[in-house]
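Thank you all for coming; I would like to take a few minutes to walk through one model with you. Please have the sequence and the coordinates open while I talk.

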Amino acid sequence: MSAIFENTLKLRGFLGSDAEVPSSDGITNDAFAVLTLCIESGTWKKAANEWLPSTAWYRIICPGPFFCGYTRGMKQGDY
């Protein structure tokens, strides 16, 4: 029944900085990893025949020890 109210969001972009993950001995059930995601997009301005770029930044919090281990090797620029 709970699947009826489930929301999903997919963000695709590049990491703006290395993943912020606690050290191996600091990972507990309450641990979390933080990712800084950069998504570049833009619009085409027909009248001026030019591309107007825009960049959006998102901070993503990944809760739990599983995500801490999964995101440990993520570096700036990774997709």
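This is a predicted model: local features need pLDDT of at least 70, side-chain atom pairs count only at pLDDT 80 or more; totals for chains, interfaces and linings use all residues.

Residues are numbered from 1 along each chain as its sequence is written, and side-chain values use heavy atoms, with hydrogens and water left out.

Let me start with the sheet, where helices (H or I, at least four residues) and strands (E, at least two) are DSSP runs numbered from the N terminus, and two strands pair if DSSP finds at least two bridges between them. The sheet is open and has 3 strands in the order S1-S2-S3, with antiparallel pairing. Strand S1 (14-15) and S3 are at the edges with a single partner strand each, so one side of each has no neighbour in the sheet. S1 pairs with S2 over 2 bridges, and Phe-14 stands opposite Cys-38 in S2. Between S2 and S3 there are 14 bridges; among them, Phe-32 is partnered with Pro-63 in S3, Leu-35 with Ile-60, and Gly-42 with Pro-53. These two strands form a hairpin with 4 residues between them, and Asn-49 in the turn has a positive phi of about 55°.

Now to the largest pocket, which holds about 350 Å³ of space. Of its 16 lining residues, the closest to the centre are Leu-11, Leu-35, Ile-60, Cys-62 and Met-74. On the terms: on a 1 Å grid over the protein atoms alone, a pocket is an open set of points where a 1.4 Å probe fits, with protein on both sides within 12 Å along at least five of seven lines, and lining residues have an atom within 4 Å of a point; the volume is the space filled by probe spheres set on the points, which are joined across faces, edges and corners. Strand S2 (32-45), strand S3 (50-63) and helix H1 (65-71) each supply at least two residues of that lining, and S3 gives the most, with 4 residues.

What about disulfides, taken as pairs of cysteine sulfur atoms within 2.5 Å? By this rule the count is 0. The closest cysteine sulfur to that of Cys-62 is in Cys-68, and because the separation is 8.3 Å, it is too far for a bond. With buried meaning under 20% relative accessible area, exposed over 50% and partly exposed in between (1.4 Å probe, protein chains only), Cys-62 counts as buried at 10%, and Cys-68 is buried at 0%.

Finally, Thr-71 has its place in helix H1 and is buried, with a relative accessible area of 2%. A polar atom of the Thr-71 side chain lies 2.7 Å from the backbone oxygen of Phe-67.

Key. A disulfide is a pair of cysteine sulfur atoms within 2.5 Å. A polar contact is a pair of N or O atoms within 3.5 Å; within protein, one must be able to donate a hydrogen and the other to accept it, and residues adjacent in sequence count only if both atoms are side-chain atoms.
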